[in-house]
Amino acid sequence: MKVEKTFEGLTLSGESVKDRDGNFTITGKLSGEVEVECVKCLKPFKRKIDEEVKFKVVKPPYEGFDSEYDIIEQERYDIEEILKSEVESIKNDYNICPDCEEEEFNKEF
């Protein structure tokens, strides 16, 4: 089944497949721009996202391990919740704006 969902400027597009145990695998791409805050100057800026993703959506509690997929535990398959979680994860990442990045680069040389 094709998947395409957008939330706060980030789009998840790809394929979703349900296995016989009721788990889903999603392979696709996250793309777009998310407004984040620079950890150094605290100014907001748009961070460009363009990355391949592989998720396995399982019912909790999950006791397995899969090195190929990011495991997501959900009682009910909800692609919007997955996308919201990815946006929050990006916002909580160590984000540095281009101005501060350039400043750091110039200090080193």
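Me: What makes the side chains of Lys-29 and Asp-50 a salt bridge?

Reply: Their N to O distance is 3.0 Å, and a salt bridge requires a side-chain nitrogen of Lys or Arg within 4 Å of a carboxyl oxygen of Asp or Glu; the pair therefore qualifies. The model is predicted: local features need pLDDT of at least 70 and side-chain atom pairs count only at pLDDT 80 or more, while totals for chains, interfaces and linings use all residues. Residues are numbered from 1 along each chain as its sequence is written, and side-chain values use heavy atoms, leaving out hydrogens and water.

Me: Why is Asp-50 called exposed, and Lys-29 partly exposed?

Reply: Buried means under 20% relative accessible area, exposed over 50%, and partly exposed in between (1.4 Å probe, protein chains only). Asp-50 has 52% and is therefore exposed, whereas Lys-29, at 32%, is partly exposed.

Me: How do you know that Lys-84 and Glu-80 form a salt bridge?

Reply: Their closest N and O atoms are 3.5 Å apart, which meets the salt-bridge limit. Both residues lie in helix H1, four residues apart, about one turn of the helix; helices are DSSP runs (H or I, at least four residues), numbered from the N terminus. Lys-5, Glu-80 and Lys-84 are linked in a network of salt bridges.

Me: What makes a set of residues a nonpolar core, and which have the most contacts inside the largest one?

Reply: The term denotes buried Ala, Val, Leu, Ile, Met, Phe, Trp, Tyr and Cys residues joined through side-chain atoms within 4.5 Å. The largest such core has 22 residues, and those with the most contacts inside it are Leu-10, Leu-12, Leu-30, Val-34, Phe-55 and Ile-82.

Methods:
Helices (H or I, at least four residues) and strands (E, at least two) are DSSP runs, numbered from the N terminus.
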